[in-house]
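Have the structure open as you read.

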Amino acid sequence: MEDINRDTVSVFQDVPQAPPDAIFNLTKQYKEDTYDKKINVGVGAFRTDDLKPYVLPVVKKAEAILFNDANLDHEYQPIAGEESYTRAAVKLILGEDSPAIVEKRYAGVQTISGTGANHTGALFLSLFYKKSKKCFISNPTWANHRNIFSLVGFDVEEYPYWNPETRGLDYVGLLQSMREAPEGSIYVLHACAHNPTGVDPTQDEWKGIAEVMREKNHFPFFDCAYQGFASGDLNKDAWAVRYFVEQGFELFVCQSFAKNFGLYGERAGNLTIVTKSETNAQGVLSQFEKLQRSEISNPPAFGSRIVKTVLNNQELYNEWTKNLQYMSGRIIEMRKALRDKLTELNTPGTWNHITDQIGMFSFTGLKKSQVQVLKEKYHIYMTENGRISMAGVSTKNVDYLAEAIDYVVRNVQ
Ligand SMILES: Cc1ncc(COP(=O)(O)O)c(C=O)c1O
């Protein structure tokens with residue numbers, strides 16, 4: 001009897017089925033749909049006006065350089081990544097003249113794209129950050145923030161961010177949360193192009209946020225997945241991070257090169273760390289190396305080689321900024337086209353938020369029931385919260401999209 005049990009009863013029998021990932025599941029449904037006018041505005045990856053994936057021309061050049069480099073091998077990388085990569089990544093986000101760089105009180109760790117930077121940073125804080133076990137994420141936010149911080153043991157709460165009435169930032173609510181939070185809480189802040197709302201604080205609002213965070217000794221944990229992709233200007237998109245550094249904060253910044261280099265699958269990311277002193281930075285880096293060793297041992301080489309080839313070569317860097325302007329420019333044009341069409345159709349409501357918002361996503365304000373009808377009647381796929389990826393909008397489908405939105409706004413409660 002005992003033997004039979006051993007053969008048939010799994011040690012995993014109590015493991016429940018987890019729900020599929022909402023975004024990847026949406027793409028699967030879209031792919032299975034055979035309707036010719038179908039639209040995928042769920043995906044968080046750039047598409048050309050022909051709705052094709054885009055390999056940046058500068059990336060192709062860097063690949064050719066790597067391919068022809070007779071000295072390249074496939075040895076392990078250093079545990080924290082090549083310094084020529086992490087230094088370039090740190091410089092990109094903090095700016096060359098950053099006081100943190102000048103005073104050598106920074107460190108960089110190559111991570112598994114932006115997700116890995118969030119995870120490694122959160123894991124480090126769970127072990128070494130002693131002020132608080134509370135972590136605040138924006139409401140709404142990128143779905144992974146909660147998973148990542150709660151998995152490493154933080155008590156995760158949300159701070160108000162989106163104000164549905166103004167379809168903008170709930171600045172008052174945000175500041176109130178920061179004032180009421182326990183001293184030294186961790187605040188996850190989107191450096192630019194907030195996902196999913198596309199709403200960023202203004203520079204004055206960032207100054208107000210920094211002031212309260214300083215008063216309450218909160219720890220800024222920046223997530224920067226869209227530098228250069230948001231406005232087309234790498235410096236402008238890094239403004240908030242640089243302001244906090246100027247104000248003397250110690251902080252982490254998660255960097256992803258998925259969107260701004262189109263290197264989604266290559267998993268090239270970086271965690272930039274700013275501390276009070278060079279000695280602090282060295283100690284922190286040594287512990288990150290220890291953590292990284294047990295987690296991934298060494299970071300992957302291909303994507304980071306492309307990134308560092310571009311970042312460390314002025315000519316390629318200049319070309320990259322043009323590629324960024326093309327991507328951000330197309331997104332901005334599509335925002336305008338969608339807003340214009342909705343205005344032309346006299347679709348009830350105001351639509352200026354579509355062009356006010358920035359980055360890959362637009363938070364339309366559409367209800368779950370309306371999103372459902374868009375999928376069932378029009379074969380338009382978007383996340384339940386009404387978020388549209390502007391990358392899925394093109395000159396060819398924008399009219400169809402606007403007409404469908406017009407229908408649901410008028411007819412679906
Ligand atoms: C806010 C935010 N953080 C981090 C990421 C991480 O992306 P990746 O791991 O592909 O670099 C994303 C991607 O969608 C994001 O929107």
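## A cavity and a pocket

The lining of the largest cavity divides into seven nonpolar residues, two polar and no charged. Here Ala, Val, Leu, Ile, Met, Phe, Trp, Tyr, Cys and Pro count as nonpolar, Asp, Glu, Lys and Arg as charged, and the others, Gly among them, as polar. The model is predicted: local features need pLDDT of at least 70, side-chain atom pairs count only at pLDDT 80 or more, and totals for chains, interfaces and linings use all residues. Residues are numbered from 1 along each chain as its sequence is written, and side-chain values use heavy atoms, with hydrogens and water left out.

On a 1 Å grid over the protein atoms alone, a cavity is a set of points where a 1.4 Å probe fits but cannot get out, while a pocket is an open set with protein on both sides within 12 Å along at least five of seven lines; lining residues have an atom within 4 Å of a point. Points are joined across faces, edges and corners, and a volume is the space filled by probe spheres set on them.

| Space | Volume |
|---|---|
| Largest cavity | about 50 Å³ |
| Second largest pocket | about 400 Å³ |

Of the 21 residues lining the second largest pocket, Y129, K131, F219, E250 and L251 are the closest to its centre. Helix α6 gives the most to this pocket's lining, with three residues (helices are DSSP runs of H or I, at least four residues, and strands of E, at least two, numbered from the N terminus). The pocket's lining comprises twelve nonpolar, five polar and four charged residues.
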